[in-house]
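Colleague: Please take me through this structure term by term, and for each label you use, tell me which value stands behind it.

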Amino acid sequence: MIPLIQSETLELLEWSRLCLHLSTFAATKLGAIASRHLQIPGSQSEGEQLLAQTKQVYELESRLTSSLSFDGIQDIGDALERAELQGILAGDELLAIATTLAGARNLRRAIDNHEDLTILIELVAELRTYPEIEQEIHRCIDERGQVADRASQKLGEIRAELRKSRSQITQKLHNIMHVKSNAVQEQIITQRGDRFVIPVKASHKDVIPGIVHDTSTSGVTLYIEPNSVVPMGNQLRQLIRREEVESEAIRRKLTEEVAAVKPDLERLLAIVTALDLATAKSRYSYWLKANPPRFINRENNEKITLRQLRHPLLVWQNQHEQGHDVIPVDMLIQPEIRVVTITGPNTGGKTVTLKTLALAALMAKVGLFVPAREPVELPWFDLILADIGDEQSLQQSLSTFSGHIRRISRILNALEQGNRDDEGKIEDQEVSPQSPIPSAQSPVPNPQSLILLDEVGAGTDPVEGSALAISLLRYLADNGLLTMASTHFGELKALKYQDERFENASVEFDEATLSPTYRLLWGIPGRSNALAIARRLGLNAEVVEAAKQEMGGANDEVNEVIAGLEAQRKRQETKAAEATKLLQQAEKLYKEVSDKATNLEEREKSLKASQEIAVQQAIHQAKAEIAQVIRRLQQGTPTAQDAQQATTDLNQISEKFIQKQQAKAKPAGFMPKIGDRIRISKLGQTAEVITAPDDDGELNVRFGIMKMTVKLADIESLDGKKPEPVEKARGRKDNETRGQNQTVTQPVDTPMIRTSKNTVDLRGKRVADSEIILDKAISEANGAIWVIHGHGTGKLREGVHEYLRQYPRVKRFEAAAQADGGSGVTIVYIY
């Protein structure tokens, strides 16, 4: 970029103000200096690298509990220069180097913990922090920047002698003042230079002979070093000199160590400054509520997308200087558009719009986020050139028009220079043996330029100025990537309808309040409001009408068309705003309903979980009490009374732990059959059906080693179905019969408890012997018996089963549960 026009453009855009704002977010002095003198990269790859650094610092600070710390890092550049020139650094300078090394190490440690932040890790990979130099400095220099006693044994000994010498001198002076107190002005010991003195009355100077080092302003007090103390003072001075020499030697040694690694320390400063600059950009972007940009290629039909774009300097002014609210603008520029002409009244925001776009492009180039809504998409502009404002100068005899033309000439020269540079690159490619030879007709690529022209063609005859503006904009359409120009010339509005590379935009004006709204309207040219403003401000109506006649009716028709377009646009915007509002309300309502549904689900899950826990606890306690009942029955010889007591205990346990619940409507159609697995609702246990339901709807079930009678209403299938009700016969005879049956089957109600009395062990016996033992056991049994035959070859089990099938008192038999021996034990049910 041409240096003159570059500096002019940056000055017109107030770039230095933005850099000053950025510097307030820097953590170090070097970072603040770099921010105030922010360098604009010359290539897109450099800009993308800076942007990647900003993004990763932004991500890093969002992960950390506190912001990235630059504590201890100082500007040590001057100290490094003096060290290289063999100067001796002061203690505080050495201490600053040590704290900078420690601060840089902490920065690298904070970044190395995040392996996915590859750009930052690569940036700090070259950091060399020399912990040995840092430790040596801290060993030799204390926190006040003074050489410490521990720096060397010799220095420690010298300082010990110094302390002893000072103590002796003060003790000697105290003795003199005590003996000759009448000659002393005041009982204090003070110093003049490095000599200890006492204040003596001028009239008594002969009483304390010595060297007079100073006199009070009034002359009545002399500060005398007594003769007896002079030799001691001379010795003290020699010790002080020895201390200075030794301290200087220590600092010289440390300085030499620093000078030996000066290149690495300068590189460390550069890396830390770059990291602080990226951090400042990240924090400034966060404060602006900005979003990261993406560089697009307009040749790939990608459009410029900048929604709700805000001027960063106006945002600062609004936040820190009680400025007006910032009105954002939308810029959606299609890829084929090369020139945008903005029309509208003065103070309507045209110039601010031009500056806002230029600053957004510059911010993206230096790695800053852009204060616009996502997505932020814009091209990389090699050149950003502007002619904004009035360059009128009395000293240089420049009119407004001349000032504009001179600056525009520099802009065009910059474009031509860029074209020549690009042509030179092509020539370099032509001589390269690897590159294809371009055609003689191949077009020379233009630089990616953004040109901003404020009041183009103004300051001269309107006809000539308009013609010049049209010619200039057409030239820029051919040679630039994007040009935005503000104007009052109506002829420029028609370019859109002659060349598809042109687009119109205007700043909105409220005729009711005679003030601009600062909103940018796309596709609609601005219309003249001068006569409307004049009429509302009270100008003679006859004069206004005459002016309208002079303009002709064609202009009125154009204004009416434009007014119609504006009205139509407002209606569409109103409808769009209403639709957006409805959508937001619907989204809000949906969110509220979703949140309520989620809360209800969570409450339901929580209640179910707590209920499940309570049920499990109750079942666990019930099982424990049932186990106690079983152990009590297994102890000794169980009787019918014991069995009845066990049944009563089980019923009490059931009533104690299982709450009666409202029966839920479940599909009917289930009727339990012998061998089915069912669930006992009251106990929460699964069981096997032993007998089919009788007329009273009762059936026998077995779970584990227990056997009991339950009602159909108290069971359900494993898939939750309730059994069908049983039709009961209504008659006295049936009741009597059922009573008799109940009397006969009363033992069935007794839970089946395995004891030593109802268990037969046949292991090791022959089949013939086992039949005799079984016959005796069955004849004496009252209920079920457990036959232990083991697994073995299976012959004993087959013989036992064959005998049981033929025995008339055997109702049925089955293998025991796994806990009771499984197929090695057979349970025999007796009539």
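Modeller: I will start with a strand pairing: Thr305 has Glu377 in β9 as its bridge partner. This is a predicted model, in which local features need pLDDT of at least 70 and side-chain atom pairs count only at pLDDT 80 or more, whereas totals for chains, interfaces and linings use all residues. Residues are numbered from 1 along each chain as its sequence is written, and side-chain values use heavy atoms, with hydrogens and water left out.

Colleague: Which peptide bond is cis, and what is its omega?

Modeller: The bond from Glu374 to Pro375 is cis, with omega near -5°, and Pro375 is found in strand β9.

Colleague: Why does Gln308 count as partly exposed?

Modeller: Buried means under 20% relative accessible area, exposed over 50% and partly exposed in between, with a 1.4 Å probe and protein chains only. Gln308 has 33% relative accessibility and therefore counts as partly exposed. This residue lies in strand β6, and its phi, near 55°, is a positive value in a residue other than glycine.

Colleague: Why is Val340 called buried?

Modeller: Its relative accessibility is 0%, which is why Val340 counts as buried. Val340 lies in strand β8 (residues 339–343), and, leaving aside neighbours within four places in sequence, Val340 is in contact (heavy atoms within 4.5 Å) with Leu482, Thr483, Met484, Ala485, Glu503, Ala505 and Trp522. Val340 and Leu495 are 155 residues apart in sequence and 9.9 Å apart in space, C-alpha to C-alpha.

Colleague: Why are α2 and α11 described by the word they are given?

Modeller: Axes are lines fitted to C-alpha atoms, for helices over the stretch in contact, with angles from 0 to 180 degrees between N-to-C directions. Angles under 35 degrees count as roughly parallel, over 145 as roughly antiparallel, 65 to 115 as roughly perpendicular and the rest as oblique. The axes of α2 and helix α11 (residues 262–288) come within 9 Å and cross at roughly 100°, and the two helices are therefore roughly perpendicular. Leu18, His21 and Leu22 in α2 meet Leu277, Ala280, Lys281 and Tyr284 in α11.

Colleague: At what angle do α4 and α11 pack?

Modeller: Helix α4 (residues 44–63) and α11 pack at about 70°, with their axes 8 Å apart, so this pair is also roughly perpendicular. Among the residues of α4 that meet α11 are Leu50, Val57 and Tyr58.

Colleague: How confident is the predictor in the chain as a whole, and where does pLDDT stay under 50?

Modeller: pLDDT is the predictor's confidence in each residue, from 0 to 100. The chain averages 82, and 82% of the residues score at least 70. Residues 426–445 stay under 50, and the model has 11 contacts for them beyond four places in sequence; residues 659–667 are also below 50, with 5 contacts beyond near neighbours in sequence. Where pLDDT is low, the predicted coordinates should not be read in detail.

How values were computed. Two strands pair if DSSP finds at least two bridges between them.
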